[in-house]
Amino acid sequence: MTWARLAFKLQPSSIGFAAFVCLGLAAVALWLAADMRSVLEACGTPDEPNACQVMYAFQDTHMNAVFLTQTGIGLAMYGIPLVLGVPILTREIEHKTAMIAWPLAGSRLKWLAWRVLPVLVVGLAVIGVMAFAADQLAQAYFPHNEIAFDRHGSRGISLVTRSTLMLAAAVLLGAVIGKLLPGLLIGIALAVGISTAMDAALPHWASSTELTGAETEIYGPGPLRTGAQYRLADGRLISAQEGEILVQELYEENGGEEPDPALMPQQVMYGIAADRYGEVLIRESAAIVAVTVLASALAVAVVQRRRPE
Amino acid sequence: MTWARLAFRLQRSSVGSAALVSLGLAALGAWLALSLPSMLARCDVPNPVDQCGTVYLFGSPMGDPALLFNLGIGVAMYAVPIVLGVPLVTSEVERRTAMIAWPLAGSRLKWLAWRGGSVLVIGLVLTGVMALAAEALVRANVGSDIGFASHGARGISLLTRAALMLVVAVALGAVIGRLLPSLLVGIALAAGISIVVQALPPYGVEPSELTAAEAIRYPMTTGHAYRAPDGTLISEDEANAISIAAYAEYSPEFPPDSILPTDVSYGIAGSRYHEVLARESAVLIGATVVAGGVAAFVVSRRRPE
């Protein structure tokens, strides 16, 4: 474990902060998950709690704590890689130690590998624990449903792949800019960009289809909902806005009473069904890993070519 | 404006990013404040545009930008001072230029006053613009009588919090002397300051029972109670028991209001907002002066490396 000790000695504040935040959030998430699951132990008994019956089982009791924890995890999954990755090169360049360290290492590539790999391993370990805890928290919050796309991107494998990409991008950013504060500030903007791009790309990893059965509900965990339309009695499809106006008009014509169901347009939901989550996750992970490799290669190229000051 | 140019040259990235964030948010806030009345009017018609039915955040069709603005203001009011304040001393210490700059300035206090003063002015101008935009947006949404609505995230209350954070960030940078650890500790400190300043009000201002009119004009609510039909104050359990008995007696009709317990709110009416604001500002300015004193003390004593 000499490499881990050395990595910590070189970046004590970043690694200490990363461990404190990730493990702290993981502990809170696991405690909340255990607390919610303990409530369900009374299901089937005469004192059965309300949570045993409803989809939003813990909305009244745990929602705020769960939301705050998930928000913290959502910020940490980008903040921690940034804090770990940017200083690796900026520190050496700003302190002008790169001029000594790079020639001493034999090759810059070897130096980069020795500096980045321990941070990557330590970062992945603490982020992995947080990702597992976030996954448990999301599953415990919806105990009666398959969560599938719910909280996708901020739990489990999808969190780890995004964080790894952010770490590689942070190392690249540090190598390009060479100064800590500008690197961190641009990194924040980059993190917002990566997060937005990932969310925007999600519906495109698999084709949307008409959802059926329970998945046609507007809210709740499970499928990825991408759009809604209304189907008229003759089978024609109209937009959601036109459908809502038509429903309103039918109610007005009927004096506020419920209209004849045969005349009412039926809502049609489109999206990616919950059972296709694995397919989407694999495609997205492959794309993110490829971009991570690309960012790492760019970081190597920059380190090979840049001035050490 | 030589001092401003010099401050910018010395802290290019922090002043640049602070200006970008503050002025960007101020522009968004001003646009929302100006657009709000016309947007609301567009929704106040039969079959309004699609978004009108789903917007509740500001009662406007601009849910997402308004939410982003509120989130942005909440983060920027602490992040901008941290980014401006922390590097002030740490950059000199880490680059070892403090060993030259401090003796050259004649006295360390003079150096701190010139460097800290210019950054403080820049920070106050930037957060001031943001505070004005936030205040205008709240007024556009709520009306002129805004009371305690969005207290702490608009106007003077935002400015005093940002000033305190900025001076604390300077002190933190002076104590730790290194940029990254100071930024990380600064984030934790900002969370702490944010929690403390939310818990401190009403700063000794005596709460009173709020009238029905006062209760809807954005008061600071400090407590609830129930009043029985005979006028005595009762607990929530007692109020529930009276209500259940009344509903059972009159079922299936509703019981008359005169025999039901009423909700009583205690707090400080929106019309007394300035009383609380003045006391809060005095407390926060006092804390800012103390933090400034700590920063001056540390800078005058610490090793320049």
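**View 1. Ala215(B) in helix α9 of chain B.** Here we zoom in on Ala215(B), part of helix α9 (residues 212–215) of chain B; helices are DSSP runs of H or I with at least four residues, numbered from the N terminus. This is a predicted model, where local features need pLDDT of at least 70, side-chain atom pairs count only at pLDDT 80 or more, and totals for chains, interfaces and linings use all residues. Residues are numbered from 1 along each chain as its sequence is written, with chains lettered from A and ligands numbered from 1 in the order in which they are written. Ala215(B) has 17 other C-beta atoms within 10 Å, so it counts as partly exposed (20 or more would be buried, 12 or fewer exposed, with C-beta atoms placed from the backbone). Setting aside neighbours within four places in sequence, Ala215(B) is in contact with Leu210(B) and Ser265(B); contact means C-beta atoms, placed from the backbone, within 7 Å. Ala269(B) sits 54 residues away along the chain, yet its C-alpha atom is 7.3 Å from that of Ala215(B).

**View 2. Helices α2(A) and α3(A) packed together.** The two axes come within 10 Å and cross at roughly 160 degrees; axes are lines fitted to C-alpha atoms over the stretch in contact, and angles run from 0 to 180 degrees between N-to-C directions. The pair is therefore roughly antiparallel, the label for angles over 145 degrees. Among the residues making the contact are Cys22(A) of α2(A) and Ala76(A) and Ile80(A) of α3(A). By class, the contact has 16 nonpolar, three polar and no charged residues (nonpolar: Ala, Val, Leu, Ile, Met, Phe, Trp, Tyr, Cys and Pro; charged: Asp, Glu, Lys and Arg; polar: the others, Gly among them).

**View 3. Helices α6(A) and α9(A) side by side.** Helix α6 (residues 156–177) of chain A packs against helix α9 (residues 277–305) of chain A at about 15 degrees, with the axes 9 Å apart. That angle makes the two roughly parallel, a label for angles under 35 degrees. Their contact has 17 nonpolar, six polar and two charged residues.

**View 4. Cys22(A) in the largest nonpolar core.** This core has 141 residues, and Cys22(A), Met130(A), Leu137(A), Val171(A) and Val80(B) touch the most other members. A nonpolar core is a set of buried Ala, Val, Leu, Ile, Met, Phe, Trp, Tyr and Cys residues joined through C-beta atoms within 7 Å. Beyond four places in sequence, the contacts of Cys22(A) include Val126(A), Ile127(A), Val129(A) and Met130(A).

How values were computed: Angles under 35 degrees count as roughly parallel, over 145 as roughly antiparallel, 65 to 115 as roughly perpendicular and the rest as oblique. Two residues are in contact if their C-beta atoms, placed from the backbone, lie within 7 Å.
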